[in-house]
Amino acid sequence: MPFEQLLIEGLAMGACYGLFGLAVIIIYKTSEVVNFAAGTMAMFSVYIAFHFITFYGFPFWVAFIASLIFAGLLGVFVEFFFLRPAKNPTLLGLIVITIGVQLLLAGLAGWKWGADQQAFSIPFSYQVTYKLLPGFVVSQWAVAVFIIAFIVVTILALFFKFTKIGTAMRATQQNKYAAKIMGIKTDRITAFSWAFSSVIGVTAAMLITARTILDPEFMMEPFLRAFAAAVLGGLMSIPGVLIGGGIVGLIENFFGYLSPAWKPITAFVIIVLVLCIRPSGLFAKHYVKKV
Amino acid sequence: MLKVNNIETWYDLIRALHGISFEIKEGDIVALLGSNGAGKTTTLKTIMRLFYDLKEEQPEKGTIEFMGERIDRKDTAEIVKMGIGYVPEGREVFPELTVMENITIGAYTRNDRAGVKADMENVFHHFPILKERKGQQAGLMSGGEQQMLAIGRALMSRPKLLMLDEPSLGLSPILTKEIFDIIKNINEKDGVTVLLVEQNVNMALKYSNFAYLLENGRIVRADKPEVLREDEDIKEFYLGIATEQSVKGYKRYRRKVRFR
């Protein structure tokens with residue numbers, strides 16, 4: 001594989017990780033909970049799309065929208081029935097709850113659809129390629145990833161900047177106590193951010209399925225990569241996560257090409273090194289409260 | 001307008017408020033005074049129902065009425081909507097939002113755009129500095145400016161009753177006076193009733209029409225500021241004017257006050 005192709009594919013994979021990392025940090029920012037169920041929730045929603053296509057014969061886009069809606073509901077469901085009932089929760093307790101949700105959903109998916117690998121394809125294949133410039137070969141999949149990532153990030157940026165609920169979400173992230181005083185129902189904001197995160201997660205997972213296979217475990221590794229990307233970006237800033245995703249994707253792709261055996265590990269090694277030098281991530285901002 | 005009737009608030013097994021009753025009449029500036037740990041902030045938080053997370057039934061006993069309606073079991077968002085604005089202790093602005101966004105979020109519970117716009121102009125009229133700093137991140141402003149922002153933000157919900165928790169905290173005397181003048185102005189021009197919680201007893205007595213003195217979760221004095229100013233105990237322990245020496249010549253540190 002030539003250098004240019006590695007670069008493009010790495011960036012595309014990085015964009016997927018970045019998108020999925022967004023799903024992780026949206027929840028982290030509102031409630032400081034790291035959602036370890038994010039990968040499995042996305043996996044489950046992809047299975048919904050799979051179910052619609054294979055068993056009911058719906059076209060892909062209908063199934064895609066159905067799975068987006070399902071993902072939103074699943075997010076609210078998990079927040080409402082698993083996290084909210086926790087009495088006087090500690091952060092660690094909430095994180096353990098998300099691990100429980102992860103196990104539960106993985107078990108459910110295995111029971112419903114079986115642990116085998118299923119045939120699931122999205123309309124963007126990475127075997128169809130375009131030649132943009134001499135030497136630069138871009139697959140249809142990569143083009144789709146870039147366009148979708150761009151659209152999602154633009155929508156997110158506009159949403160957080162200009163809508164009332166977006167501003168309320170940012171306010172809640174920064175100071176939950178003051179947000180409550182302003183009359184913001186912070187519980188609802190948390191539920192909403194779970195739905196939001198789940199929807200973005202399934203979008204990213206759809207794109208990732210094109211490169212892997214569909215089975216109940218397929219999101220575990222991408223989730224860890226995305227989480228690593230989020231940590232690298234500082235867990236707080238949206239551009240940080242995207243850049244972190246890009247870095248993880250590139251490292252993985254280049255080292256994977258040089259020595260495939262090391263592919264899954266290199267990215268994590270680099271991250272450990274980066275975190276040794278900058279423990280709060282590359283783009284974290286810290287505000288000190290002024291008295 | 002606000003009627004607090006014999007409320008008790010508990011932090012786990014510790015009773016912070018031992019049955020507090022007071023009343024605020026429309027158009028007044030009422031001061032709630034007391035030293036550290038007297039229960040001033042707890043009173044305000046109980047009124048706003050901010051202990052809901054801790055325990056659903058707070059206050060445990062007693063009732064709170066606002067405009068003739070009971071609010072002691074209502075949600076904070078509803079209470080804000082009914083017209084109570086709260087400026088929390090230590091300002092609590094949203095540090096990464098701009099000044100403008102901070103002010104806009106204050107009107108979160110409202111839907112009338114024209115009214116919000118008019119109120120925004122009003123806030124900028126009271127605090128011209130905020131207009132200059134419109135696009136700045138709130139966390140980067142000075143303490144006094146943040147305090148002004150917190151008051152402006154609370155005004156955006158168009159409150160009938162504005163509750164201020166230690167507006168003078170950490171401010172220079174000149175700035176404190178400026179803020180108190182603005183509060184007086186808001187009270188007179190906009191007709192907003194004010195409940196003022198202060199440790200700076202001298203200042204608070206100057207600006208209020210009525211004052212309550214809290215000690216260990218109980219109200220021990222309730223009177224007009226002119227009367228309280230002349231009270232021997234208040235003179236000695238809160239205003240720092242040492243007048244009386246005991247027979248033996250020791251300085252007294254505390255006089256036992258009976259609960260009334």
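**View 1. Leu239(B) sits in the segment that follows helix H10 (232-238) of chain B.** Everything shown here and in the other views comes from a predicted model. Which residues does Leu239(B) touch, once its neighbours within four places in sequence are set aside? The contacts are Val201(B), Asn202(B) and Ile234(B). For a sense of scale, pick out Leu44(B) as well: Leu44(B) and Leu239(B) are 195 residues apart along the sequence, and 24 Å lie between their C-alpha atoms.

**View 2. Strands S1 and S2 of chain B form a hairpin.** S1(B) covers residues 2-11 and S2(B) covers residues 14-24, and the two pair in the antiparallel sense over eight bridges. To find your way along the pair, look for Lys3(B), whose bridge partner in S2(B) is Glu23(B). Now go to the turn, where two residues come between the strands. One to look at there is Asp12(B), which takes a positive phi near 55°. While you follow the strands, keep in mind that side chains in a regular strand alternate between the two faces of the sheet.

**View 3. Here is another hairpin of chain B, made by strands S9 and S10.** Residues 210-215 make up S9(B), residues 218-223 make up S10(B), and five bridges join them in the antiparallel sense. Two residues sit between the strands, and Asn216(B) in the turn has a positive phi of about 50°.

**View 4. Two helices of chain A, H6 and H8, pack against each other.** H6(A) runs over residues 164-174 and H8(A) over residues 186-209. How do they cross? Their axes are 10 Å apart and meet at an angle of about 105°, which means H6(A) is roughly perpendicular to H8(A). From H6(A), the contact takes in Ala168(A), Met169(A) and Thr172(A), while H8(A) brings Thr186(A), Ile189(A) and Ser193(A). Sort those residues by class and you get three nonpolar, three polar and no charged ones.

**View 5. Chain A meets chain B here, with 17 residues of chain A in contact with 25 residues of chain B.** Which elements give two or more residues to the chain A side? They are H6(A) and helix H7 (176-181) of chain A. H6(A) supplies the largest share of that side, five residues. By class, the chain A side divides into nine nonpolar, four polar and four charged residues.

**View 6. Chain B is assigned two domains, and this view shows where they touch.** Domain 1 takes in 2-83 + 159-228, and domain 2 spans 97-156. Taken over C-alpha atoms, the centres of the two domains of chain B are 23 Å apart. Contact involves 13 residues of domain 1 and seven residues of domain 2. On the domain 1 side, helix H2 (76-82) and helix H7 (173-189) of chain B are the elements that give two or more residues. H7(B) gives the most, with five residues. The domain 1 side comes out as 10 nonpolar, two polar and one charged.

How values were computed:
Residues numbered from 1 in each chain as written. Chains lettered and ligands numbered in written order. Predicted model: local features only at pLDDT ≥ 70, side-chain atom pairs only at ≥ 80, totals over all residues. Pairing = 2+ DSSP bridges. Helix = DSSP H or I, 4+ residues; strand = E, 2+ residues; numbered from the N terminus. Axes fitted to C-alpha atoms, helices over the stretch in contact; angles between N-to-C directions. Parallel < 35°, antiparallel > 145°, perpendicular 65-115°, else oblique. Nonpolar A, V, L, I, M, F, W, Y, C, P; charged D, E, K, R; others polar. Domains from an automatic or database assignment.
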